[in-house]
Amino acid sequence: GSGKVMIGTILGRITNSGKFKPLDPEASDGSQIAAAIILENAATTDHDHPVVTLKRRAQVILQNLVWPANITPEQRDTSLQQLAALGILARMGV
């Protein structure tokens, strides 16, 4: 039930359920840790929706990533490091 989630949105993983939801740096349920990137648009307003995600070993275009509106530069850098630890490297596109 995260609402409309756009392709390229950084996702966190809820510790108790293992489900993904958009990254929330202020959360304490596990979704504050970058764990994946959604690879399709999804409308999950009323219920959970299975989606394709990127969870490891890839390069992505930094400018195409979708971040939470309230994210700070420090939180963004931390999230990029968390993705890099999974082998997901964000590079500037041309």
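Which residue in β4 is the bridge partner of I10? The partner is I37, and that pair is a handy place to start our walk through this predicted model, in which local features need pLDDT of at least 70, side-chain atom pairs count only at pLDDT 80 or more, and totals for chains, interfaces and linings use all residues. Residues are numbered from 1 along each chain as its sequence is written, and side-chain values use heavy atoms, with hydrogens and water left out.

Let us take the overall layout next. The protein has one helix and eight strands, where helices (H or I, at least four residues) and strands (E, at least two) are DSSP runs numbered from the N terminus. Along the sequence the order reads β-β-β-β-β-β-β-α-β. The C-alpha atoms fill a box of roughly 35 × 25 × 25 Å along the principal axes. For 94 residues, a compact globule would have a radius of gyration near 12 Å, and the protein agrees with its 12 Å; this radius is taken over C-alpha atoms, and the globule rule is 2.2 Å times the number of residues to the power 0.38. Of the 94 residues, 33% count as buried, meaning under 20% relative accessible area, while exposed means over 50% and partly exposed lies in between (1.4 Å probe, protein chains only).

Back to the strands. β2 and β4 pair in the antiparallel sense over three bridges; two strands pair if DSSP finds at least two bridges between them. β2 also pairs with β3 (residues 20-22), again antiparallel and over three bridges, and here K21 in β3 is the bridge partner of G12. β2 and β3 form a hairpin with six residues between them, and G18 in the turn has a positive phi of about 80°.

Now for the helix. Helix α1 covers residues 73-85, and at 1.5 Å a residue its 13 residues should span 18 Å, which agrees with the 18 Å between its end C-alpha atoms; the expected span is 1.5 Å times one less than the number of residues. The buried residues of α1 are Q75, S79 and L83. They cover an arc of only 80° around the axis, which puts them on the same side of α1; the arc is that of the directions from the helix axis to the C-beta atoms. An α-helix has 3.6 residues a turn, so residues three or four places apart point the same way. On the face turned away from the buried side, α1 carries the exposed residues P73, E74, Q81 and A85. β2 (10-13), β4 (34-38) and β8 (88-91) are among what covers the buried residues of α1. Leaving out residues up to four places away in sequence, S79 touches L23, A34, W67 and I71, with contact meaning heavy atoms within 4.5 Å.

One last stop is R57, in the loop between β6 (53-54) and β7 (58-61). Its phi is near 45°, a positive value in a residue other than glycine, and R57 is exposed, with a relative accessible area of 73%.
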